[in-house]
Amino acid sequence: MSSSKVIHAFYNDDEVVLDAVKKVKAANHHIEEVFCPFPVHGLDKAMGLAPTRIAITSFMYGITGLGIAIWLTYYTMIADWPQDIGGKPSFSWAENMPAFVPIMFELTVFFAAHLMVITFYLRSRMWPFKNAENPDPRTTDDHFLMEIPVHDNEKELKALLTKSGAVEVHVIDKEAH
Amino acid sequence: MSHYEAPIREPLILGHKSYHDITEDIAKPIEGKANKNWFIAFYISLAAMLWGFGCIFYTVGTGIGVWGLSKNIGWAWDITNFVWWVGIGHAGTLISAVLLLFRQKWRMAINRSAEAMTIFAVFQAGLFPIIHMGRPWNAYWVLPLPNQFGSLWVNFNSPLLWDVFAISTYLSVSLVFWWTGLLPDFAMIRDRAVKPFQKKIYSLLSFGWSGRAKDWQRFEEVSLVLAGLATPLVLSVHTIVSMDFATSINPGWHSTIFPPYFVAGAIFSGFAMVQTLLGIMRKVTNLEAYITRLHVEYMNIVIILTGGIVAVAYATEFFIAWYTGSQYEDYTYLSIGSATGPYAWAFWSLIIFNIITPQLLWFKKIRRSFIWSFLISIAINIGMWFERFDIIAIVLSKGHLPSTWWRFEPTFVDVGIFIGTIGFFFVLFLLYARTFPVIAQAEVKTILKSSGESYKKLRDDNHE
């Protein structure tokens with residue numbers, strides 16, 4: 001069962017790990033994951049990760065919030081119970097719209113921010129009582145961990161990783177755990 | 001050279017630090033035991049908080065008649081404190097959101113604590129309108145809920161309702177922005193915790209953060225978008241607070257410059273509070289290598305700028321009040337009438353604390369001095385409180401008819417609740433300083449190579 005085996009290569013410098021990722025990619029190996037203690041710029045591109053679309057979701061959530069604000073102010077102030085407030089009667093939403101701009105703005109931001117953050121948490125599988133999945137506690141301190149699946153090329157990979165500046169290289173059988 | 005920074009820029013992280021040193025330094029206040037000073041500060045704050053809660057219970061039990069209000073001055077200390085606390089909150093968002101958009105690296109050492117300050121300050125602010133309702137258990141009536149009293153809805157034309165939406169959006173968005181930034185740092189504490197209980201708590205708080213490359217990619221995008229959303233949000237909050245006054249037709253309140261001037265004043269007071277808090281915190285938690293003289297100077301520069309905007313706004317208000325030639329304008333909070341009348345002490349406190357004292361910061365020596373910055377920040381905190389007190393109490397004390405002239409005198413309950421909120425604020429902040437990573441360590445690690453002292457030195461020596 002060589003397919004459940006992975007190599008864990010540890011690095012202790014962000015520039016070294018970035019170069020190592022490029023080298024491993026150049027040698028046509030698949031990088032399963034890189035665990036980092038802090039964001040490394042350019043790492044996602046080097047690993048070939050697709051750009052995140054989370055900002056687009058935020059825009060759509062914001063549009064939803066704006067729509068809800070328009071509907072809410074229209075329904076409550078114009079349709080359901082129109083009142084003459086301060087000599088400004090509520091005949092049409094458009095004429096009263098300037099007074100609703102703050103509400104429209106706030107609800108746009110409220111929806112865009114909260115739903116985006118919830119999307120982020122769910123997509124990255126984070127919530128209270130979720131167990132962490134980083135294989136080594138040092139990856140939140142000062143070590144970077146590259147995980148590469150092994151397919152009968154253990155020796156070659158080990159040599160490549162050590163050459164690329166890894167400070168530790170372990171082969172781990174995931175199914176044994 | 002991804003880590004290049006001009007040699008002329010001073011380092012933001014002092015000494016010879018490695019990534020692991022940063023972890024150690026920021027975990028230390030959490031893993032160590034609290035010292036005596038912490039306990040003294042905590043118990044004083046706790047006592048103030050309990051006294052304030054007592055005053056709140058007394059108010060709610062008896063009615064808001066126990067405050068020094070009357071039919072002419074229907075809000076005074078409560079709304080003063082509300083605006084003061086909301087204003088203080090603004091610096092946190094400015095540091096974490098606006099400075100992120102401007103790519104200011106110095107924000108990374110202070111954003112976490114500044115944002116904690118925001119959240120705790122907005123808690124205090126929110127208390128006042130709720131207590132002022134007299135029947136706080138009905139506070140949910142401000143929400144647009146269909147109700148059993150006929151289908152009467154909340155009034156979306158009212159700035160007070162805009163406030164409800166603005167403050168609750170602001171508080172909740174600040175909270176998730178703060179928490180999202182905290183996840184990797186909680187994970188750091190979790191992964192090095194040795195006590196099982198501590199490990200459990202920080203596992204729960206970190207939401208299972210694992211630090212995958214994809215997580216970081218999303219994390220950075222989410223931070224950027226949240227900063228983009230929080231920037232107009234923070235400006236909208238104090239704009240809307242100022243509209244509580246500006247949309248009325250009172251002389252002294254009916255003023256179109258209120259929104260920008262309130263926002264500048266909010267940032268001014270907020271930075272002063274950050275300066276006060278961090279002046280103490282950097283010493284107590286031994287984080288002098290991260291919160292440096294340079295950070296203090298940068299904050300003081302923001303204080304001079306926003307303080308200057310506030311000073312120009314005061315001058316404009318004063319001039320316009322005089323220029324109208326209207327006798328009703330002669331007793332607005334910035335006028336000859338108020339400078340010489342029974343509230344002259346409040347008027348001059350505002351001018352001295354808010355306009356004259358901050359001018360000292362033009363001197364580089366003073367601006368880079370910890371003790372001077374601390375003292376000036378206290379003066380600004382007091383001055384900005386007086387600004388709101390003057391706008392509210394002085395303006396309301398002289399209406400159009402002499403029969404409405406009345407002087408506001410606070411009762412012990414007014415004072416007690418205010419002291420209570422200061423106590424509550426410091427209780428929260430002190431607990432935070434012992435249990436949360438007070439510096440965004442993951443972010444600080446990203447600037448270590450570009451802005452760390454030893455790395456900069458190494459690079460500059462090589463270039464010579």
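At what angle do the axes of helix 3 (residues 77-101) of chain B and helix 8 of chain B cross, and within what distance do they come? In this predicted model, the two axes cross at roughly 80° and come within 6 Å. Angles of 65 to 115 degrees count as roughly perpendicular, and helix 3 of chain B and helix 8 of chain B are therefore roughly perpendicular to each other. On the side of helix 3 of chain B, the contact is formed by G87(B), I88(B), G89(B), H90(B), A91(B), G92(B) and L94(B). Helix 8 of chain B contributes G265(B), A266(B), I267(B), S269(B), G270(B), F271(B), M273(B) and V274(B). Classified by residue type, this contact comprises 8 nonpolar and 7 polar residues, with no charged residues.

Helix 8 (residues 258-284) of chain B also packs against helix 7 of chain B, at an angle of about 125° and with the axes 8 Å apart. That angle makes helix 7 of chain B oblique to helix 8 of chain B. The crossing of helix 7 of chain B past helix 8 of chain B is right-handed. From helix 7 of chain B, the contact draws on L235(B), H238(B), T239(B), V241(B), S242(B), M243(B), F245(B) and A246(B). The residues supplied by helix 8 of chain B are F258(B), P259(B), F262(B), V263(B) and A266(B). The composition of this contact is 10 nonpolar and 3 polar residues, with no charged residues. A266(B) takes part in the contact with helix 7 of chain B and also in that with helix 3 of chain B.

A further helix pair in chain B consists of helix 11 (residues 344-356) and helix 13 (residues 370-397), which pack at an angle of about 145° with their axes 8 Å apart. The crossing of helix 11 of chain B and helix 13 of chain B is left-handed. Helix 11 of chain B presents A346(B), F347(B), S349(B), L350(B), F353(B) and N354(B). These residues meet A379(B), I380(B), I382(B), G383(B), M384(B), F386(B), E387(B), F389(B), D390(B) and I394(B) of helix 13 of chain B. The contact contains 11 nonpolar, 3 polar and 2 charged residues.

Chain A is divided into domain 1, covering 5-37 + 142-176, and domain 2, covering 54-123. The centres of the two domains, taken over C-alpha atoms, are separated by 49 Å.

In chain A, 4 strands form an open sheet with antiparallel pairing, in the order 2-3-1-4. Strand 2 and strand 4 (168-173) of chain A each have a single partner strand and stand at the edges, so one side of each lacks a neighbour in the sheet. Neighbouring strands are turned by 20° against each other on average, direction ignored. Helix 1 (residues 14-26) of chain A packs on this sheet and touches strand 1, strand 2 and strand 3 of chain A. The direction of helix 1 of chain A makes about 15° with that of strand 3 of chain A.

Strand 1 (residues 5-11) and strand 3 (residues 144-149) of chain A run antiparallel and are joined by 6 bridges. Within this pair, V6(A) stands opposite P149(A), and F10(A) stands opposite L145(A). Strand 1 of chain A also pairs with strand 4 of chain A in the antiparallel sense, over 6 bridges. Here K5(A) is placed opposite D173(A), and H8(A) is placed opposite H170(A). Strand 2 (residues 33-35) of chain A pairs with strand 3 of chain A over 3 bridges, again in the antiparallel sense. In that pairing, V34(A) has M146(A) of strand 3 of chain A as its bridge partner.

The contact between the chains takes 54 residues from chain A and 55 residues from chain B. On the side of chain B that touches chain A, two or more residues each come from helix 1 (19-31), helix 5 (159-192), helix 6 (196-205), helix 7 (213-246) and helix 15 (441-451) of chain B. Helix 7 of chain B gives the most to this side, with 16 residues. By class, the side of chain B that touches chain A has 27 nonpolar, 18 polar and 10 charged residues.

How values were computed: Residues numbered from 1 in each chain as written. Chains lettered and ligands numbered in written order. Predicted model: local features only at pLDDT ≥ 70, side-chain atom pairs only at ≥ 80, totals over all residues. Domains from an automatic or database assignment. Pairing = 2+ DSSP bridges. Contact = placed C-beta atoms within 7 Å. Nonpolar A, V, L, I, M, F, W, Y, C, P; charged D, E, K, R; others polar. Axes fitted to C-alpha atoms, helices over the stretch in contact; angles between N-to-C directions. Parallel < 35°, antiparallel > 145°, perpendicular 65-115°, else oblique. Left-handed = near helix turned anticlockwise from the far one by under 90°.
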